[in-house]
Amino acid sequence: MTAFDALKQNSLSFKLLPISIRELFYLGETPCDIFGMSDGLFKLILRKHSFINGQVLKDLIANNHSTIFVLQDHRKALIELQQNNLRTVTRSLSIGDPIEKGRKQISLLTLNMSYLYSDPTNDDTLNLQYQSVKNLCAFLYERPEIHERLYKEFIKQKHHFIFAQPLLASLFLIGILKQSHVYSFKEVESLFITSYFKDIGMSVIPVEKYDQTSLSDEDSALLSSHPTTSIHILQGRIKLSPAHLAVIENHHLFSLLSNDLHIPDTTKLDDRSVKMISGFETMIVSITDVIAAMITPRPYRSATSLFDSLDLVKALISEDYPTEFRLIVTYFKSVFFKNK
Ligand SMILES: [Fe+2]
């Protein structure tokens, strides 16, 4: 490498931002120059206005370009494009093939969740997410027959667990609540929104830190207090009643049992001091969160199957909530294991 090339690389390293190739999905052409990293060096892989489709993106992933780089000044334009994509698909959710529309909407919604986590005080991003989640709720409520397919499509999309978990938990929640025949649509909608946004307080630490096997004491403390932080972020900005904010406050109902933030330790279940009785809404939001945590992989453990996750649910609630436990099992049997 010449001295000039070295200078150029050095200057690029200050100007480029690493992003996921996911941010190019659903675009017809690149809105800016796209760089990749090969043998430790930045290289231009797609010029501005290059044609892109599924095959182009697949080839880039196959060539180790799952992480791409854009100039910092161009990032905003890319985010705006994808937010417009989300807006468009959200508005037309009920038109066309429901699987295709649903798959695209949950993918873009999850991408926007990553924008929200990196900028949680941004009202436009939060409002877009709120409106999109509301529309998704109505869409899913009307179509329980597509939940299993969407679940499978979403797992295939391989989003980071931080962003995948709230969507999966909320998808299960809507199915269970609908099957209980106890709640009106409006009540289901409020609980769906509560479940989806409950972990937004986790945005206090950068997403990269979630991939570390251990965190500093300070970061662990910040994470443990995420239910309260979620309330601070949401209060007065999205429509949630004090009762729903209380569900967020208490959504780690079972986590006192464990060092793992989202997965309780069943060996401590006999310790009556950590068992507590709670309302059905908090319990169900909490338990669907535990299931979603188990079925999404972590850097330090692989994903548990949906079927096996029900063993933990049994250990956690079958004694104190036998009727609710039966409801949850019936739901998973009828939707996810109907062919077993
Ligand atoms: Fe949480």
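Colleague: Where is H49 placed?

Modeller: In this predicted model, H49 sits in the loop between β3 (41-46) and α2 (54-62).

Colleague: Is H49 buried or exposed, and why?

Modeller: H49 counts as exposed because it has 11 C-beta neighbours inside 10 Å, and the cut-off for exposed is 12 or fewer.

Colleague: What about H181: where is it, and what is its phi?

Modeller: H181 lies in the loop between α7 and α8 (185-197). Its phi is near 55 degrees, a positive value in a residue other than glycine. H181 is exposed, with 6 other C-beta atoms within 10 Å.

Colleague: Let us turn to helix packing. At what angle do α7 and α14 pack?

Modeller: Helix α7 (residues 161-180) and helix α14 (residues 322-335) pack at about 110 degrees, and their axes are 10 Å apart. That angle makes α7 roughly perpendicular to α14.

Colleague: Which residues make the contact?

Modeller: From α7, the residues are G175, I176, Q179 and S180. From α14, they are L327, I328, T330, Y331 and V335.

Colleague: How many of them are nonpolar, polar or charged?

Modeller: The contact of α7 with α14 has 5 nonpolar and 4 polar residues, and no charged residues.

Colleague: Now the core. Which residues touch the most other members of the largest nonpolar core?

Modeller: L173 and I287 do, in a core of 60 residues. The largest share of this core, 11 residues, comes from α7.

Colleague: What is L173 in contact with, leaving aside its neighbours within four places in sequence?

Modeller: L173 is in contact with L191, F192, S195, I284, V285 and T288.

Colleague: Which residues does the second core include?

Modeller: I34, F35, F69 and V70 are among them, in a separate core of 6 residues.

Colleague: Finally, how is the chain divided into domains?

Modeller: Domain 1 covers 1-78 and domain 2 covers 92-335. Their centres, taken over C-alpha atoms, are separated by 33 Å.

Colleague: How many residues does the contact take from each domain?

Modeller: It takes 4 residues from domain 1 and 4 residues from domain 2. By class, the side of domain 1 that touches domain 2 has 2 nonpolar and 2 charged residues, with no polar ones.

Conventions:
Residues numbered from 1 in each chain as written. Predicted model: local features only at pLDDT ≥ 70, side-chain atom pairs only at ≥ 80, totals over all residues. Axes fitted to C-alpha atoms, helices over the stretch in contact; angles between N-to-C directions. Helix = DSSP H or I, 4+ residues; strand = E, 2+ residues; numbered from the N terminus. Parallel < 35°, antiparallel > 145°, perpendicular 65-115°, else oblique. Contact = placed C-beta atoms within 7 Å. Nonpolar A, V, L, I, M, F, W, Y, C, P; charged D, E, K, R; others polar. Core = buried A, V, L, I, M, F, W, Y, C linked by C-beta atoms within 7 Å. Buried ≥ 20, exposed ≤ 12 C-beta atoms within 10 Å, placed from the backbone. Domains from an automatic or database assignment.
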